[in-house]
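Here is a short briefing to read alongside your viewer. Have the sequence and the coordinates open, and let's walk through a few features together.

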Amino acid sequence: MTTLLDLLAGSPTLLALGEPTHGESAFLQIRNDAFLTLAEHGYRSIAVESDRAAGLLADEFVQGAAVPLDRVLADGFSHGFGAAPANRDLLLRMREWNHGRPAAERLSLHGFDAPLEIESAPSPRRHLLRVCDFLDLDRSAEIDDLVGDEARWSDTAAIWEPARSIGRSSDAQRLRVLADDLLTELYLQALRRSEGWPAALVHATSAVALLRYHAAAAAQLPQEERFARLAGVRDALMAENLLAIRAVEAHRGPTLVFAHNTHLQRHPSTMTAGATEVSWAGAGAIVGALLGERYAVIVGSLGASPALGISSPAASTYEGRLQQQFTLPGYVPTAEIGPAERRTHDYRYFPLDQATIDHADAVLHIPTGVDAAVLADRILALPGVEQVVASTENGSPEGTWGDRFFFVGSDRRQPFATIVEHDVPGFDEAAQLDRPGVFRLNLDLGRAEFERLFGFPPKAFEEHRDAFDFARVDTVTPHPGYALHGFASIVMPGPQMLPEVDRLLAIAHGRAVGRHERAIRRAADKRD
């Protein structure tokens with residue numbers, strides 16, 4: 001099967017890996033593995049679809065700064081992406097890689113989005129003030145006077161009604177001149193203020209970006225063209241950021257960029273507004289035109305997503321054809337993908353079409369995301385397995401409702417596997433299971449397999465507890481509460497982990513079958 005490294009016959013300096021939808025964790029989990037694999041082959045940076053200025057804090061953490069992880073997840077990502085467990089893991093894995101390495105080998109994390117949403121944008125106040133602080137300039141009164149009430153900038157109605165936009169007011173125009181002057185002053189003082197200068201430049205360009213976006217929102221355009229224009233401006237700002245990131249990283253190695261397919265594809269994005277089809281150049285189309293063969297694109301494809309309520313595709317679609325080819329996530333060069341039908345677009349998922357295939361280098365297809373129900377079905381397919389779901393009807397504590405317990409036979413004393421979605425206060429909180437959408441598979445592996453996996457017997461677990469991050473996804477760890485009994489755990493195993501999950505399930509199930517058969521023999525002996 002084609003691997004990620006097999007696809008890189010050329011030498012792209014910017015490798016784009018796309019996802020067809022936001023919210024399916026499998027893409028982020030595979031992205032993490034892909035980036036760490038690429039790091040072994042000279043990649044030194046990753047750019048993600050998040051505010052570039054916010055990303056400065058995330059990179060501080062990655063570089064080893066003493067910044068609380070909770071703060072980084074809250075403020076180091078935009079669009080709420082810090083809540084994704086896989087983004088937490090990306091930060092930690094990069095920080096671990098960097099520990100003790102020389103600067104040339106360290107990994108950097110960048111955001112490449114503008115500091116805005118499509119339907120709203122704040123004022124440039126905080127970015128301008130940060131630049132002024134760096135330059136030791138006191139222009140806060142002038143900035144505050146021009147910005148005024150933040151509400152007139154963040155008004156979502158202004159995005160759709162140009163008359164309500166402040167973007168071309170005299171205050172906004174004066175702020176654009178002020179921002180440009182600060183940017184010039186930043187370069188004039190670069191020789192004397194090199195430390196902290198790159199971060200100040202990011203804030204300066206973020207302020208300019210916001211003012212550009214507000215100006216675009218004030219343009220008098222037909223309603224059906226407004227969204228396309230604003231989307232195009234945002235993508236242009238993304239492209240500018242990607243090129244700036246490459247300028248920073250050029251001497252250190254290639255960059256992986258991860259975002260929605262529509263931001264990364266080489267061909268124009270299109271949208272139907274009423275009876276009109278409008279199009280614009282996405283960031284990938286802009287960067288691809290400028291970098292040529294130095295830009296490579298792998299677009300994401302998805303079969304099903306229980307988390308998003310997306311069911312399996314029709315066999316005649318591109319995704320359906322790939323679904324027949326892949327049982328696990330895999331890469332395929334687009335030259336090997338024949339014509340097919342376009343899957344229905346319902347705004348949760350942007351399907352593959354012929355233009356996407358024609359302009360991409362490869363496709364990453366994920367047959368299905370994995371949630372608790374998918375794992376439960378996998379366990380219930382094993383012989384003789386019965387499931388008990390904690391509920392008020394069977395007297396379970398409220399904090400466990402919905403947790404699943406799997407047994408072989410009628411003996412309910414010891415499950416061989418459980419799937420839990422709740423912390424147990426004061427006992428089992430290390431996995432942070434109360435995060436939205438997070439679940440954990442627990443398996444009774446016994447002493448021999450436990451020691452094979454971790455290098456020490458269950459009885460020695462407490463001596464090694466501090467070596468494990470029990471909240472990390474896609475990682476087999478000792479169970480934080482029941483490791484002494486030979487239990488191991490995996491938080492949110494992704495689809496790429498299913499072979500290992502099946503192997504460990506077979507061990508745990510085999511132990512349960514053995515216990516059940518021994519219990520039957522003991523009962524028979526007593527009757528005799």
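Strand 2 (residues 45–51) and strand 3 run parallel and are joined by five bridges. Within this pairing, Val48 finds its bridge partner in Gly111 of strand 3. Please keep in mind that this is a predicted model.

- Seven strands form an open sheet with mixed pairing, and their order is 3-2-4-1-7-9-8.
- Strand 3 (108–113) and strand 8 (330–333) are the edge strands, each pairing on one side only.
- On average, and with direction ignored, neighbouring strands of this sheet are turned by 25 degrees against each other.

**Helices and the strands they meet**
- Helix 4 (residues 85–98) packs on the sheet, where it touches strand 2 and strand 3. The direction of helix 4 makes about 145 degrees with that of strand 3.
- Helix 13 (residues 283–291) lies across strand 1 (14–19) and strand 7 (295–304). Relative to strand 7, helix 13 runs at about 150 degrees.

- Which residues make the nonpolar surface patch of about 270 Å²? They are Val424, Phe427 and Tyr482.
- Phe427 sits in the loop between strand 12 (417–420) and strand 13 (440–444).
- Phe427 counts as partly exposed because its relative accessibility is 41%, which falls between the 20% limit for buried and the 50% limit for exposed.

Terms used. Residues are numbered from 1 along each chain as its sequence is written. This is a predicted model: local features need pLDDT of at least 70, side-chain atom pairs count only at pLDDT 80 or more; totals for chains, interfaces and linings use all residues. Side-chain values use heavy atoms; hydrogens and water are left out. Two strands pair if DSSP finds at least two bridges between them. Helices (H or I, at least four residues) and strands (E, at least two) are DSSP runs, numbered from the N terminus. Axes are lines fitted to C-alpha atoms, for helices over the stretch in contact, and angles run from 0 to 180 degrees between N-to-C directions. Contact means heavy atoms within 4.5 Å. Patches are made of residues with over 30% relative accessible area and no salt bridge: like charges are joined within 9 Å, nonpolar side chains (Val, Leu, Ile, Met, Phe, Trp, Tyr) within 5 Å. Accessible areas come from the Shrake-Rupley method with a 1.4 Å probe; for residues, only the protein chains shown count as cover. A salt bridge is a side-chain nitrogen of Lys or Arg within 4 Å of a carboxyl oxygen of Asp or Glu. Buried means under 20% relative accessible area, exposed over 50%, partly exposed in between (1.4 Å probe, protein chains only).
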